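Trainee: I'd like to learn how to read a model like this one, feature by feature. Pick a residue to begin with and take me through it.

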Amino acid sequence: MMKRELVIIGAGPAGLAAALAAYDNGIRDILIIEREKRAGGILNQCIHDGFGLHKFKEILTGPEYAYRYLKKVQERKIEIMTSTIVTELRAEKYLKVINEEIGILEFKADAVVLAMGSRERTAGGISLPGERMAGVYTAGLTQNLMNLQNIKVGNNIVILGSGDIGLIMARRLTLEGANVKAVLEIMPYSNGLNRNINQCLIDFNIPLKLSHTVIDVKGKDRLESIIVTEVDENLRAIPGSEYEIECDTLILSVGLIPENELSKQADVQIDDITGGALVKDNLETNVPGIFACGNVLHIHDLVDYVSDEAENAGQAAAKYIKSGHKWRKNNIFVEAGDGINYVIPQLITLGKDLEFSMRVKKPASDKTIKILNNNELIAKNTFKKVNPSEMIKINLAKEKLLSLKTASIKVVVE
Amino acid sequence: MDTQNYDIAIIGGGVVGTAIARELSKYSINTVLLEMESDVGQGASNSNSGVVHAGFTAPVGSLKADVCMYGNSHFEELCADLDVPYKKVGKLVVAVDKKQVAELYNLQYIGSKNGAELNIVGEDFIKKMEANIDGKAAMYSPNSAITSPYELTIALAENAFQNGVEIKLNTKVLGINKINGKFLIKTNQKNIRADYVINSAGLYSDDIASFSGEDRYKIYPCRGEYYVLDKNSSSLLSHLVYPVPPENAGGYGIHLTPTVDGNILIGPSNEYIDCVDNKATTKDVMEQLIKEARDFLPKISQDMVIRSYSGIRSKIVPPEIGGFTDFVIEKSPRYDNFINLIGIESPGLTSAPGIAKYVVEMIDKMENLKNKEIFNKKRTGITKFSELPLAEQKILAEENAGYRELVCRCENITRQEIIDALHNPLGVTTLKGVKYRARATMGRCQGGYCMARIVKIMQEEFNMDLEQIQLTGNSSNLFAGQAKGWEK
Amino acid sequence: MIKEKEITCILCPNGCDIKITYTSQEIQGIDGATCSKGNDYAKQEFENPVRTLTSSILVKGGDSDLVSVKTDEPIPLEKIMSIMEILKTFEVKAPVMVGDVLLENPADLNCKLIATREIKRK
């Protein structure tokens, strides 16, 4: 069993940024564990641009964004163990890993940063009706196959779900000669960024059909067609609105799920809304010395925000390693109130400048997001538009939280 | 026309067909098994609850009761011989109100006559065994067990193959004629000549029977849909939990089944359908499954679901009557050496070993079968790395690089297991072939992570072109081709 | 005759719905943007929409079969498919460094195709 000060699980954008921050805060004994052959995580297959505007003030592609961080990690000689999967994580920060060269290794860390990212919601996960033939893929898998393995999954394509990966793949497949017939979205609004709707669909005349979903997939060996229906405001199929679209491929872009199987092994408490850990304002989980950041904590829309968050986690882990665990007093719960789906962090204390990440439940214009304590206004921020697909960040200076009437604050949108 | 000669041709490679093949492989007789799909076990054998039944639903004195009881008492040994998972988890048939308690006693009566060990138990006992299940009373069957139905079917086929049975996949029977005292079986591949035909074609057994001039049989396909729950919900359930069977439904009611791999199955529903191969799942039934499951086990939630699938029962009871009837295993009236197996539905998995014995005895009476000098009853499956103790894992990983690469992170499956699955004795090289042998793509990500890797292994290790990579054979191609440079 | 075109601004999360009124390709007015950048964006989108093209091309002898690429400058939207045609069979040899120019002036456009990923020799 090898002892390490800090072990970071995942060398994607979160893991790399956390490592840099920990290093720059004085930690030298850092190990990043990465299951792929190269670091960079999901960015390696996101060859489109649109990354880095916030962090670098320029527009980069995914691999370029990853490369910038990777270079900094390499300059600092931080160890990345690639082709290595963590198969076990325990609350005492014990890790069992398997490495393609060496075999099974065991580590004991002082602190662990969870940066495993997310997985895609599948056909099974959304109870897609119909038979189980070839030709139904998730968008991320399609992207991996096309951009990393040079494989085109099909020619006549329908995409279910207007999440960003689905939109990006609509364009990508079109560029590679496929016929993308439509993007279907069960909600009355898109789950993708405006930019992607414009540049991935409108640019290529691909119709976006809101309030539409798939009720049957047909074909014995390979997909031959799908049956589509319109849905009402309760998302129930509207009888008589069904029609058939011939296609050989159905691509699902129906959401990401934080990949917390290891976290659960380590008794990390999971928030049932985010699917990620329930964290304090230093991104520490309920398990002392285990921190979480990036998509494993909650699904982000911009990688730049992942980097920001991971820097906070890396910094907090460094502090933990140097000065040990401290019991916190004045713990305050942050409640997602009316119109807010979730808020990160869920637990805060007094005397700290805070930054909240949150998502609203539905799109709206001219809204105010308020932070309340016992129904008294502590802070507010107004927005011309709010959208579930876009994460909202709100800062709260410590002066605003000098004294609270109850041990919880609530975030609402009005 | 190129024709191959055999003593016996088995039509249908489900669990029954492969069990018969294995049973016959004990004797000096030349057997071929014909399967129209790209792998064995592609019908009801891979889409059922995987339950080894104790025998309390089959009428006393029926053939079904006989073969089921035989199967129940021999299953553990069979699974041990074939390296197939088997767990005697026990079953609770739960009465939710007092009225249903009487029905429990009726089941106990039938079961006890059949020789099953059954106890009626009360609320406290239920709670002690299944903390999350509510019920007034239950019938507890300690000898009910679970297995992996697809692994068993594959294992039976592989063991039969090792002992000399030929297994012809992708071979669909198009017609059968008796010419010069032998059956000439026309197929979409080479034609087959055989002295005996054993029709274990499941949903298609009525069609095959009609080739022998027997038009009496009609199969009524009856679909059952299932939900599969994530392994991380496995702690919710440790026994089989069944409702009191609904009257004349043709199924046992939607039940909860722990699988040998740690998932929970919800299902199956019970719906007569028109088309024998419509294995669709439907929105309405899926909603019903979750609802009925939650009646038993309220902790079940929709987000635990990782997959849905359906299997089709080959029933001979028409929908207007419903319920069950006995298995039909008999010689065709026109030809003694044409044996029809009709209506082998639940408990077909449990009964397969007994049915195999029964069918082989029928042939033995006509043919006087001779034991082979060497019959190897043991078959070894793929080494399941994740199930080994740490010390053994370390040794294997040190010796073999294939065990150092995890291809599937949900089920912890190594590259070596994928390679072993692709090198299977039956020569199945489809993605589903890998799935049913190594469990890859069966976990919560449903192949989102491992599929790209498995495809790479197929390309690199087996030199397969993209065009050859299929889900299930026929025209189930997974890909359209290369993205770049594919004109060359 | 005055016509209208709606453009949703993509520059910030506000996503202003901008309306352009025009007569036979002459802009008469731009309405709805809450900042001047939005006006410029709408004008550009109306007159000559440009995009950075990202794709991948074949690499021989590398640790991956593909290298991801982008155009160094945004190119006219309507020219994108003509570059894609060239990229279908265009090949480079490993190694490739991030930022390497792999192709100049594809389809006679004033841009370069540069690598966005490092590919090492196999």
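Mentor: Let's take Ser83(A), which counts as buried at 13% relative accessibility. Buried means under 20% relative accessible area, exposed over 50%, and partly exposed in between (1.4 Å probe, protein chains only). Bear in mind that this is a predicted model: local features need pLDDT of at least 70, side-chain atom pairs count only at pLDDT 80 or more, totals for chains, interfaces and linings use all residues, and side-chain values use heavy atoms, with hydrogens and water left out. As for labels, residues are numbered from 1 along each chain as its sequence is written, while chains are lettered from A and ligands numbered from 1 in the order in which they are written.

Trainee: What is the phi of Ser83(A), and where does the residue lie?

Mentor: Most residues other than glycine have a negative phi, and most peptide bonds are trans. Ser83(A) has a positive phi, about 50°, without being a glycine. Look for it in the loop between strands S5 (79-81) and S6 (84-90) of chain A. Those labels are DSSP runs numbered from the N terminus: helices are H or I with at least four residues, strands are E with at least two.

Trainee: Which peptide bonds are cis?

Mentor: One of them joins Ile344(A) to Pro345(A), with omega near -5°. Pro345(A) sits in the loop between strand S22 (340-344) and strand S23 (347-348) of chain A. Chain B has one from Ser346(B) to Pro347(B), with omega near 0°. There the proline is in the loop between strand S20 (338-342) and helix H8 (348-367) of chain B.

Trainee: Now zoom out. How many helices and strands does chain A have?

Mentor: Chain A comes to 8 helices and 28 strands. Its radius of gyration is 22 Å, close to the 22 Å that the globule rule gives for 414 residues, so chain A is as compact as a globular protein of that length. (The radius is taken over C-alpha atoms, and the rule is 2.2 Å times the number of residues to the power 0.38.) The C-alpha trace spans about 65 × 60 × 40 Å along its principal axes. Of its 414 residues, 62% count as buried.

Trainee: On to interfaces. How much area do chain B and chain A bury between them?

Mentor: The size of an interface is often given as the accessible area lost when the parts come together. Here buried area is the accessible area (1.4 Å probe) that two parts lose on being put together, summed over both. Chain B and chain A bury about 4,200 Å², 50% of it on carbon and sulfur atoms. Within chain B, the residues that lose the most area to chain A are Arg404(B), Arg409(B) and Ala483(B), together 14% of what that side buries. The contact (heavy atoms within 4.5 Å) takes 58 residues from chain B and 46 residues from chain A.

Trainee: How many salt bridges cross the interface of chain B and chain A?

Mentor: The rule (a side-chain nitrogen of Lys or Arg within 4 Å of a carboxyl oxygen of Asp or Glu) finds 7 salt bridges. One of them pairs Lys394(B) with Glu106(A), the closest N and O atoms being 2.9 Å apart. On the side of chain B that touches chain A, two or more residues come from each of helix H7 (283-296), strand S18 (305-315), helix H9 (390-399), H12 and S23 of chain B. H12(B) gives the largest share, 6 residues.

Trainee: And how much do chain C and chain A bury between them?

Mentor: About 2,600 Å², with 52% of it on carbon and sulfur atoms. Ile10(C), Thr54(C) and Arg117(C) supply 21% of the area that chain C buries against chain A, more than any other three residues. The count here is 4 salt bridges, including Asp203(A) with Arg51(C), whose closest N and O atoms are 2.4 Å apart.

Trainee: Last one: is Tyr41(C) buried or exposed?

Mentor: Tyr41(C) is buried, with a relative accessible area of 10%. It belongs to helix H1 (residues 36-47) of chain C. Leaving aside neighbours within four places in sequence, Tyr41(C) is in contact with Ile7(C), Thr8(C), Cys9(C), Ile10(C) and Leu11(C). Cys9(C) is 32 residues away along the chain, yet the two C-alpha atoms are separated by 7.1 Å.
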